[in-house]
Amino acid sequence: MTQRKFLIDTDTASDDAVALIMALRHPGIEVAAITVVAGNIEIDKGVRNALFTVEMCDSNVPVYRGASRPLRREPVYAHRVHGQDGFGDMNYPPPKSVQAEGFGPDVIVDTIQANPGLVLVTLGPLTNIALALEKEPAIASQVSRCVIMGGVACTVGNITPAAEFNVWVDPEAAKTVLHSGLPIEMVGWELSRGEANLKLEEIEEVRGYQNELADFALDCNRTLLEFNKGLSGDLGIDLPDPVAMAIALEPEICNRSKKHYVEIETESDLTRGMTVVDELGVSDWDHNQAVWGALLERGPNASICWEIDIPAFKGLLKKSLR
């Protein structure tokens, strides 16, 4: 079997770890490198958690430290969602391995250039990707797919009413990436809600696998379970990063997608980080030319996943943890 090469950029907290497990344990995937960005937690904690997860999978994929803060904003973390350590404050032992030498954005450039056609998967704020593109814009054309867990498409956010956390943390980076020419597939937070949650009975099913990896995947998400209940009332774990990873691994899990023009709001305090998806194509209307101006010339810049095959997603997730 010919393996597909992945490059994963992550702000490694609890659901990121599950997404990493899915990629590292998939027989058809070779993860060339993991780069870490500040987002859910501080950068050093993110590196530690990535190393720990790689070890849990008996892998030796190199982990690189990337940007410790957004391009122009003060860093904001999601401790109340994932715990102070990003892993549900489970107090796991430190990893035995150490981070590889190299700065995340530089590694992204080098890895893409050495492996044209690889799949880029982003699970956190897009700071590392934006810095890599600023250094070498041509890498955008050397990636076969860029699957982004970020934003929400025409619906509510999880950090403000208008925005999803990853994009809100560094909207300037997201804007750079969305207009870079990368073959973007946007997987919004909303796809992990409702029936896509890992329900309480499914959590018990996974617990029944009685293996260390399954227990880790559930235990490190214990604060996310409680946060999710308070935020949306959902009784289960919402797993946006594993949803994005599932689509990267098996594209048919996104069973309804379409290319649209997407803009990122960077100026407004009220709607900072909003992913403005032109779902109806109104930017193409002649009478809106004066409003949209030069934006009309750009056309669709992202494929939006509108709906997923939930049973297929959960089947892949559970298979990864058995």
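**Exercise 1. Decide how well helix 1 is covered in this predicted model.**

Step 1. Count the buried residues. In helix 1, eleven of eleven residues are buried, and the helix is mostly covered.

Step 2. Name them along the helix. The buried residues are Ser14, Asp15, Asp16, Ala17, Val18, Ala19, Leu20, Ile21, Met22, Ala23 and Leu24.

Step 3. Recall the cut-off. Buried means under 20% relative accessible area.

**Exercise 2. Find how helix 1 lies against helix 11.**

Step 1. Locate the pair. Helix 1 covers residues 14–24, and helix 11 covers residues 240–249.

Step 2. Read the geometry. The two axes are 7 Å apart, and the packing angle is about 20°.

Step 3. Classify the angle. Angles under 35 degrees count as roughly parallel. Helix 1 and helix 11 are therefore roughly parallel to each other.

Step 4. Helix 1 passes helix 11 in a right-handed crossing.

Step 5. List the residues that touch. Helix 1 brings Asp15, Asp16, Val18, Ala19, Met22 and Ala23. Helix 11 brings Pro240, Asp241, Pro242, Met245, Ala246 and Leu249.

Step 6. Sort them by class. This contact of helix 1 with helix 11 has nine nonpolar residues, no polar ones and three charged ones.

**Exercise 3. Repeat the analysis for helix 1 and helix 2.**

Step 1. Read the geometry. Helix 2 spans residues 43–56. Its axis comes within 10 Å of the axis of helix 1, and the two cross at roughly 40°.

Step 2. Classify the angle. Helix 1 and helix 2 are therefore oblique to each other.

Step 3. The crossing of helix 1 and helix 2 is right-handed.

Step 4. List the residues that touch. From helix 1 come Ala17, Leu20, Ile21 and Leu24. They meet Ala50, Thr53 and Val54 of helix 2.

Step 5. Sort them by class. The contact of helix 1 with helix 2 holds six nonpolar residues, one polar residue and no charged residues.

Step 6. Look at the spacing. An α-helix has 3.6 residues a turn, so residues three or four places apart point the same way.

**Exercise 4. Describe the whole protein chain.**

Step 1. Count the elements. The chain has 13 helices and twelve strands.

Step 2. The C-alpha trace spans about 60 × 45 × 40 Å along its principal axes.

Step 3. Check burial. Buried residues make up 58% of the 322 residues.

Step 4. Check contact range. Among contacts between residues at least 6 apart in sequence, 83% join residues at least 24 apart.

Definitions and conventions. Residues are numbered from 1 along each chain as its sequence is written. This is a predicted model: local features need pLDDT of at least 70, side-chain atom pairs count only at pLDDT 80 or more; totals for chains, interfaces and linings use all residues. Side-chain values use heavy atoms; hydrogens and water are left out. Axes are lines fitted to C-alpha atoms, for helices over the stretch in contact, and angles run from 0 to 180 degrees between N-to-C directions. Helices (H or I, at least four residues) and strands (E, at least two) are DSSP runs, numbered from the N terminus. Angles under 35 degrees count as roughly parallel, over 145 as roughly antiparallel, 65 to 115 as roughly perpendicular and the rest as oblique. A crossing is left-handed if the near helix is turned anticlockwise from the far one by less than a right angle, and right-handed if clockwise. Contact means heavy atoms within 4.5 Å. Ala, Val, Leu, Ile, Met, Phe, Trp, Tyr, Cys and Pro count as nonpolar, Asp, Glu, Lys and Arg as charged, and the others, Gly among them, as polar. Buried means under 20% relative accessible area, exposed over 50%, partly exposed in between (1.4 Å probe, protein chains only).
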